[in-house]
Structures are given as C-alpha cells and as structure tokens.
Number of protein chains: 2
Amino acid sequence: MHLFWEHGYEATSLAMLREAMGLTPPQIYNAFTDKETLFRKALTHYHETETGFAVEALSAPVSTGEAIRRLLLGAAKAYSRPSKPGGCLFVSGALAASPQAQAIADELRTYRKASETAIAARLAKGKAAGDLPENLSVEGLAKYIASVMNGMSIQARDGASVEDLRALAQTALAALPVGRQNQAYD
Amino acid sequence: MHLFWEHGYEATSLAMLREAMGLTPPQIYNAFTDKETLFRKALTHYHETETGFAVEALSAPVSTGEAIRRLLLGAAKAYSRPSKPGGCLFVSGALAASPQAQAIADELRTYRKASETAIAARLAKGKAAGDLPENLSVEGLAKYIASVMNGMSIQARDGASVEDLRALAQTALAALPVGRQNQAYD
DNA sequence: CGGGTTTCGTATCGATCACTATGAATAATT
DNA sequence: AATTATTCATAGTGATCGATACGAAACCCG
C-alpha cells in the first residue's frame, strides 16, 4: 500500500512489491491473483485504515461548519504524516494513466467521487438543519471542499508541512457560507 | 504535448508519440535526443502557449482581488477546453513517479512551485498597495490559491464542466481577505 | 552516366515489464 | 522407512519498454 501510495499504480513494479513484502513471485500471485487485484486490495485497505478522519468528521454530532473544519484539519494531519507517503492515495494512485491502466484510473476517480458525494450528503443534512443557506448548491460546495482536499494532497506531496496544510485549511474554511459559531481557532 | 498532458510522462510510450507525430524512431531521437528531453520540450511549449491566462491575470493593472478572480476563472476555462486534455500538465505530467523518473517529477514540482511563487509575488504587491491586510501571510494565501487551482485541475480531469469549475472558483474567491470592490459577478 | 556520400526506415538491441513453468526440497501417507 | 504428494523458489516466458545498428534508397558531384 505504501509503495502504491508513494509511486502510483503503474510506476510501482512487481520487483519493488516483491522486495518490500519479502515474497517470491508465485507467493504474490497465489495471494493476490495479479497486480491489479493487489492494488485494489491495497485501495480497500487504505480506505479502511487511512480515511477514518473523514468519516469521523462527517458523522460527528456537530454543526456543519465544525464538521467541515474537522474534515479539512484532519486532512492536513493525515496528508502529512512523517511515517506515511504524502497526500492521498486516491490522488497519487493514478491521475494520468496509460490506456492499459484506464480501469485503475477509473476506479480511483470513483473513490474521489464517492468522497465528494459523502461531503455533499453531510452538507445536505446541514442545509436541512438550517446550518446552510437555502439557496446553496450542496454539490457545488462539496466540489469546492473536495478540490481543496485534493489540492492539499498535492501540496503535501510537494513538501508542505502540517502547519502549512493547517493554515491552508483555515483559509479555505473562510469561504464557507456558515456562521462563525464553531470556527474558533484552536 | 497533448499525449503527455493526457497520460503523463511515464505512461506515454514512444510508440504513442511516434504514431501521433508520424515519425520514425530515428527521426524522433535525432530531433529530441531522448524521451526526457522531448518531455522537457513539451513542458516549455506548454508553459509558453497554455499558461498565458495566468500571467495576464497576475500582471493586469487591476486590484489584487480582481487579479486572483481572473486567475481562477481563467483556470476554470483553460482546464476544461474541449479540444485539450483536462487539467494542467504540471499536475497531470507526473504526481507519482517511479524512482527512475524522479528527475521529471522534481521538474514538474519546480513548475508548480514557480506558479505558487508568482502568485505570492502578486499578493505581496497587493499588500504593499493596501489591497490586503498587513498581517496576512502572502505565502500562505498563495499556497491556498495554488491548491485551489490544482484541485480544479483534478476536478477537470474527473469530468467537471466549465460551469462546475467557474462555480468552484467563485466559491474559492470568498475566502480572500479583500474588499468586494471588484468581485461583482460577470 | 557512374561513384561516393549521406539520408533514412526497418529490424532489432538489451533491459525490464507482469507473469508462470519446472525441478528440487519438504511433508504426508502407507 | 519408503513412496507418494505437495509446496515453493529459481529460472525463464512473451511482450513491451526506450533507444540504435545496419542496409537500402536517394542525392550530389564529377
């Protein structure tokens, strides 16, 4: 998972995976069928172990503004862990791909879309609760938030520190059409 | 350039380039030395022909808020041209790379950093002119703006329309600590 | 019209890709 | 304990990568 996260799907060779896992080629293929299946397995593992900050932020019983604040600040932390590759696997895995790897690129896009949809769902809930203006497009705002997160992912890859990302998140939060009730600096 | 833009550096094979340019292998190597030099040539060509909207926006004799507004709306248009690959080559070219292509990944990161620095320079000018608060970190705000643009680049790649990107840009602009003098909707 | 030079496309180079067949070594069974 | 069965690592498969060596065609000049 870390190799795919660091180098992306196509640029990660079986030789690298073999050495990292300490396995022989037949062991790998017995366990994971092929490279594509192995990557998908790594993807679901990433989803289960590394995106907890997002589901927690979006499901916490707090105001919508506070939820988004937790989401972005959580991303700042998650994308810049020293012991992990920078950014988000959903972005680093494959933005551009060869024609042969289109299926993988599509899979990653699906994950990114799902994240955006989850944000939109939380915003819709907030709108229903009166946290957000009636005339707001939740899809549009979700696209903005998802974009900021993906942008943070690239910044993290380019060497931004946790503090850089936290400041970036704070700036991004100022665009939200919510009250200031829960946006105190911590 | 379009092939690298669409598929990234490593996923674009010489065979694809050969077919697209209608050249034989020796012709390519006579003209461009090797794949890496060819990519760098495509990069500078991209820089010269596709990033005009940014230099225009940042050098226009307008307020800082208006300059950033033109920058983001220009990106919305440039990243979603139907006749061009989606997004920005500086992002699509190589976010994650194999160890052998690290030099290319570094080169692209340098371009991204340069964009961010250009934004920061414009913000510093705006701060000196009184367009921005005294206590503002221009580097921090530049990082935010660059992140939004890179996020838009990913959104474009994931199928966002011009309208989607324009709406995203408008949302992002709300985070700027500037007056509303030039932020009228057009 | 012919000889020498240069250009240029084909066919192929070694390296590496994802992936697998085969033989040795171990384990299980009688 | 002998023999069968099964595991498993080494070695190598065809395909494709980026990059070139070589032979043919064309061109220039005498």
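Of the 186 residues in chain A, 44% are buried, as judged in what is a predicted model. The secondary structure of chain A consists of 10 helices and 0 strands, and its C-alpha atoms fill a box of roughly 55 × 30 × 30 Å when this is taken along the principal axes. The points below take up the fold, the contact between the chains, the DNA surfaces and a pair of backbone angles.

**Fold and core**

- Along the sequence, chain A reads α-α-α-α-α-α-α-α-α-α, and among its contacts between residues at least 6 apart in sequence, 65% join residues at least 24 apart.
- The largest nonpolar core has 102 residues, and those with the most contacts inside it are Leu72, Ile145 and Met152 of chain A together with Leu72, Ile145 and Met152 of chain B.
- In soluble globular proteins, nonpolar side chains tend to be buried together.
- Leaving aside residues up to four places away in sequence, Met152(A) touches Ala75(A), Ala76(A), Tyr79(A), Leu165(A) and Leu168(A), and it also touches Ser147(B) from the other chain.

**Contact between chains A and B**

- The contact between the chains involves 36 residues of chain A and 36 residues of chain B.
- On the side of chain A that touches chain B, at least two residues each come from α1 (2-7), α7 (89-92), α8 (102-128), α9 (138-157) and α10, with α9(A) giving the largest share, 12 residues.
- By class, the residues on this side of chain A divide into 17 nonpolar, 10 polar and 9 charged.

**Packing of α10(A) against α9(B)**

- How do α10(A) and α9(B) cross? The axes of helix α10 (residues 162-173) of chain A and helix α9 (residues 138-157) of chain B come within 9 Å and cross at roughly 75 degrees, which means that α10(A) is roughly perpendicular to α9(B).
- In this contact, Asp164(A), Ala167(A), Leu168(A), Thr171(A) and Ala172(A) of α10(A) meet Gly140(B), Leu141(B), Lys143(B), Tyr144(B) and Ser147(B) of α9(B), and the residues of the contact divide into 5 nonpolar, 3 polar and 2 charged.

**Surfaces near the DNA strands**

- Around DNA strand C, chain A provides Ser13(A), Leu14(A), Ala15(A), Pro25(A), Pro26(A), Tyr29(A), Asp34(A) and Lys35(A), while chain B provides Thr24(B), Pro25(B), Pro26(B) and Gln27(B).
- The elements that each supply at least two residues of the surface near DNA strand C are α2 (14-21) and α3 (25-32) of chain A together with α3 (25-32) of chain B, and by class this surface has 7 nonpolar, 3 polar and 2 charged residues.
- Around DNA strand D, chain B provides Ser13(B), Leu14(B), Ala15(B), Pro25(B), Pro26(B), Tyr29(B), Asp34(B) and Lys35(B), while chain A provides Thr24(A), Pro25(A), Pro26(A) and Gln27(A).
- For DNA strand D, two or more residues of the surface come from α3 of chain A and from α2 (14-21) and α3 of chain B, and the classes are 7 nonpolar, 3 polar and 2 charged.

- Most residues other than glycine have a negative phi.
- Thr33(A), however, has a positive phi near 70 degrees; this residue lies in the loop between α3 and α4 (35-50) of chain A, and it counts as exposed because it has 12 C-beta neighbours inside 10 Å.
- Thr33(B) likewise has a positive phi, of about 70 degrees, although it is not a glycine; its place is in the loop between α3 and α4 (35-50) of chain B, and with 12 C-beta neighbours inside 10 Å Thr33(B) counts as exposed.

Definitions and conventions
Residues numbered from 1 in each chain as written. Chains lettered and ligands numbered in written order. Predicted model: local features only at pLDDT ≥ 70, side-chain atom pairs only at ≥ 80, totals over all residues. Near = placed C-beta within 6 Å. Helix = DSSP H or I, 4+ residues; strand = E, 2+ residues; numbered from the N terminus. Nonpolar A, V, L, I, M, F, W, Y, C, P; charged D, E, K, R; others polar. Core = buried A, V, L, I, M, F, W, Y, C linked by C-beta atoms within 7 Å. Buried ≥ 20, exposed ≤ 12 C-beta atoms within 10 Å, placed from the backbone. Contact = placed C-beta atoms within 7 Å. Axes fitted to C-alpha atoms, helices over the stretch in contact; angles between N-to-C directions. Parallel < 35°, antiparallel > 145°, perpendicular 65-115°, else oblique.
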